[in-house]
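The tour below goes from one selection to the next and says what to look for at each stop.

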Amino acid sequence: MASHLLFLGLIMISCSIALASDSSPLQDFCVADSNGAVQVNGLACKDPKLVQATDFFFSGLNMIGNTSNAVGSRVTPVTVAQIPGLNTLGISMARVDYALWGINPPHTHPRATEIFTVLEGTIQVGFITSNPENRLFSKVLQTGDVFVFPEGLVHFQRNVGNCNAVAIVGLSSQNPGVITVANAVFGAKPDIPDDLLAKAFQVEVKVVDQIQSKF
């Protein structure tokens, strides 16, 4: 596990230097004030005199995520919501656990580039470029391999090994956001009209209705 933590540290350093997409901080730190009434692009700063070491701390990435769900994966995020001290620092991370043949379904991070490292297992990854090419870049990764998903592009992962898999990701935003394609399209509230989706996907309306019922 020590080697995993060292690896993780190197990832986070490289992300903070090379990949940060949020605005640069103008002071040493700006710990998020979750109770602040001021609305800003990000989060208001906590009084520096009230800041403690715990504002820069998170514990739990050693814990295996519960993958007993429809997609067979679990993301454990470490963003500004978990570490208030990440506010204005332009970086976050996550642990992703995969059951056998579990997937992290096609999704985007609208505010972040992602650097993805396999800690255990064999994981197929890929991303798709924007219209009109919609070109797929895909590769099977082994333990220790690293792959980058460019900011805003749809990407995915799938465990293709013979055991559970684990990955650590670094993200170039304190709040990268996640838009899971299937959930956004078929799980929107209120629903996107089924006849519109039927025309977009070139299927019958009843097929759309069936898929929407799962979300």
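Begin with the whole chain in view, and bear in mind that this is a predicted model. Among contacts between residues at least 6 apart in sequence, 71% join residues at least 24 apart. Of the 215 residues in the chain, 38% are buried.

**First stop: the sheet that contains β4**

Select β1, β2, β9, β4 and β7, which form, in that order, an open sheet of 5 strands with antiparallel pairing. Which strands stand at the edges? They are β1 and β7, and because each has a single partner strand, one side of each is left without a neighbour in the sheet. Averaged over this sheet, and with direction ignored, neighbouring strands are turned by 20° against each other.

If you show side chains here, you will find valine 75 opposite valine 96 in β2.

Next select strand β4, residues 114-120, where 6 of the 7 residues are buried. With strand β9 (residues 165-171) it pairs in the antiparallel sense over 6 bridges, and within that pairing valine 118 has alanine 167 as its bridge partner. With strand β7 (residues 146-149), β4 again pairs in the antiparallel sense, over 4 bridges, and there isoleucine 115 stands opposite valine 148.

**Second stop: the other sheet**

Hide those strands and select β6, β5, β8, β3 and β10, which in this order make up an open sheet of 5 strands with antiparallel pairing. The edge strands are β6 (136-141) and β10 (179-180), each of which pairs on one side only. Zoom in on strand β3, residues 103-108, which pairs with β10 in the antiparallel sense over 2 bridges, and look for histidine 107, which stands opposite threonine 180 in β10.

Is aspartate 55 buried or exposed? Its relative accessibility is 9%, and because buried means under 20%, aspartate 55 counts as buried. Show the side chains and you will see that a polar contact of 3.2 Å joins aspartate 55 to lysine 46. Leaving aside residues up to four places away in sequence, aspartate 55 touches Val31, Lys46, Leu50, Ile83, Pro84 and Gly85.

**Last stop: α3 and α4**

Finally, select helix α3 (residues 194-201) and helix α4 (residues 205-212), which pack at an angle of about 110°, with their axes 8 Å apart. That angle makes α3 roughly perpendicular to α4. By class, the contact has 4 nonpolar, 1 polar and 3 charged residues. To see them, show Asp194, Asp195, Leu197 and Ala198 in α3, which meet Val205, Val208, Asp209 and Gln212 in α4.

How values were computed
Residues numbered from 1 in each chain as written. Predicted model: local features only at pLDDT ≥ 70, side-chain atom pairs only at ≥ 80, totals over all residues. Heavy atoms only, no water. Pairing = 2+ DSSP bridges. Buried < 20%, exposed > 50% of the residue type's maximum accessible area, 1.4 Å probe, protein only. Polar contact = N/O pair within 3.5 Å; in protein donor to acceptor, adjacent residues only side chain to side chain. Contact = heavy atoms within 4.5 Å. Axes fitted to C-alpha atoms, helices over the stretch in contact; angles between N-to-C directions. Parallel < 35°, antiparallel > 145°, perpendicular 65-115°, else oblique. Nonpolar A, V, L, I, M, F, W, Y, C, P; charged D, E, K, R; others polar.
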